[in-house]
Amino acid sequence: MSNFDERAKEVFHKRTEQETIGLQDEIWNGLEKELFSEEKVNRGEVQTMKKKNRLIPILITTAAALIIAFSLQTDTGMAFMKGIKDIFVPEKEITQSIEGQDEKTDVNLNEGTNSQYIIYVDETRYKMIKSDKADVITTIEPLPEKYPEVTMEIRQVTDQKPVDLVKQIEVELKEEFPELRAVEAVTEPVEGYLLYGLNGSDWDAKVVQAYVISNGKEGSYIITENYFLEAAEGHGARFHYMLESFEIVE
Amino acid sequence: MEMKELIRNIQAGDKNSFRELYEAYADYAIRTASAITRNREMAKDAVQETFIRVYRQIGSYNPELPFEPWFYRILMNECLRYLKKESALSKFEHPDLENDPSLAEESFDHLSDLYDTIQSLDDMHRIPIILKYVRGFTEKEIAEILGLNHNTVKSRLFKGRKRLKEQLDPIDKEEGPQ
């Protein structure tokens, strides 16, 4: 190390030490107030509540919207879709943190097959392809061949609860991802079980991130994100933000 | 605790793990923010906001990737946001180093001159230098944190150091062997 480097290092060390005395505790106190002041003893309960009751207000709002819509219009065959559009704005702007930087993005309302759920999709980058088996959100333009798959698939299984289904999905994913992480219960971006697998450490190593969540009845939704390691902070983060807007509306 | 495990615990909402992460990263984050913002209060706000963002956005972080570049990108954005906010209030106003009471009390020794000279550089050259000497980041890491090309960082560091040497040279000569 040159003399200049040593001096520069020394001067920064001395000056920043003088100027920041006591800040570490002050900042932590601020963080406690901001992040944990209303925290209950069992934080898990607080977080779980956040999404657990999501379905009920939506059902109430949906019902209210439909009643209003029916009373205003004589067309009794009005589509259920109209009800959904009454509740959710068709387009909104969200702020998402991509690679550590805040980015304002317009997202558009999309309904899943049979309008059983909604999700806001960043349609400047992705499109939603619907089918009877599953809906898939993927890049508008297909990626060049050298890149692994980038998709987020949303599939409903109507007759298996998440707690049962997750074991089956774990076995299936372990075939391609032998080092699949142990199943975790999560509350964000959706409430359910998370399965995370990574296939290597190269830039193009495949990543799978699957959520198994309740469909509000006796079944489940499996939401599977596929991307690659280098795209974790890009596509991975964008999928995360899109998934935060996922709501079951039936 | 291993970093990946720590992150996973925070993702699951564990406060003690978050505290552990804070203890590990706060010191250098505060020093860096203080050097960049040149203002104690601003540094405090920028670091606090950074950790709030880390806590709330940890779900979007991939524990398989190094944590520090992700963390410092957030910190840089916060510091720059506060600097921008301040410059909007007092446009074109630079910190008055000569009348800064904390500096007036000090003897203007060689190291202080070096510090003040670094701080008088434009942000383009000043910030990479701070990242290099406060936390000891490599050029590659600085490029990653600032979202710049590796060669751009190399060139900015080179030019910044060259300017510093030019400005400090007369001092060196004055204080050199008599």
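**View 1. The crossing of helix H1 (residues 3-19) of chain A with H2(B).** In this predicted model, the axes of helix H1 (residues 3-19) of chain A and H2(B) come within 9 Å and cross at roughly 95°, the axes being lines fitted to C-alpha atoms, for helices over the stretch in contact, with angles running from 0 to 180 degrees between N-to-C directions. H1(A) and H2(B) are therefore roughly perpendicular to each other, a label given to angles of 65 to 115 degrees. From H1(A), A:Phe12, A:Thr16 and A:Glu19 meet B:Arg31, B:Ser34 and B:Ala35 of H2(B), where contact requires C-beta atoms, placed from the backbone, to lie within 7 Å. Helices here are DSSP runs of H or I with at least four residues, and strands are runs of E with at least two, numbered from the N terminus.

Residues are numbered from 1 along each chain as its sequence is written, and chains are lettered from A and ligands numbered from 1 in the order in which they are written. Local features need pLDDT of at least 70 and side-chain atom pairs count only at pLDDT 80 or more, whereas totals for chains, interfaces and linings use all residues.

**View 2. The contact between chain A and chain B.** Chain A gives 40 residues to this contact and chain B gives 35 residues. On the side of chain B that touches chain A, at least two residues each come from helix H2 (15-37), helix H3 (40-57), helix H4 (67-89), helix H6 (110-119) and helix H7 (123-135) of chain B, and H3(B) supplies the largest share, ten residues.

**View 3. Strand E8 (residues 192-199) of chain A and its partners.** Six of the eight residues of E8(A) are buried, so this strand is largely enclosed by the rest of the structure; buried means that 20 or more other C-beta atoms, placed from the backbone, lie within 10 Å of a residue's own. Strand E7 (residues 184-186) of chain A runs antiparallel to E8(A) and is joined to it by three bridges, with A:Glu184 having A:Leu194 as its bridge partner. Seven bridges join E8(A) to the antiparallel strand E9 (residues 206-214) of chain A, and A:Gly197 stands opposite A:Val208 in E9(A). The hairpin of E8(A) and E9(A) has six residues between the strands, and A:Gly200 in the turn has a positive phi of about 110°.

**View 4. B:Ile130 in the largest nonpolar core.** Among the 47 residues of this core, B:Ala33, B:Val47, B:Leu75 and B:Ile130 touch the most other members; a nonpolar core is a set of buried Ala, Val, Leu, Ile, Met, Phe, Trp, Tyr and Cys residues joined through C-beta atoms within 7 Å.

Terms used: Contact = placed C-beta atoms within 7 Å. Parallel < 35°, antiparallel > 145°, perpendicular 65-115°, else oblique. Buried ≥ 20, exposed ≤ 12 C-beta atoms within 10 Å, placed from the backbone. Pairing = 2+ DSSP bridges.
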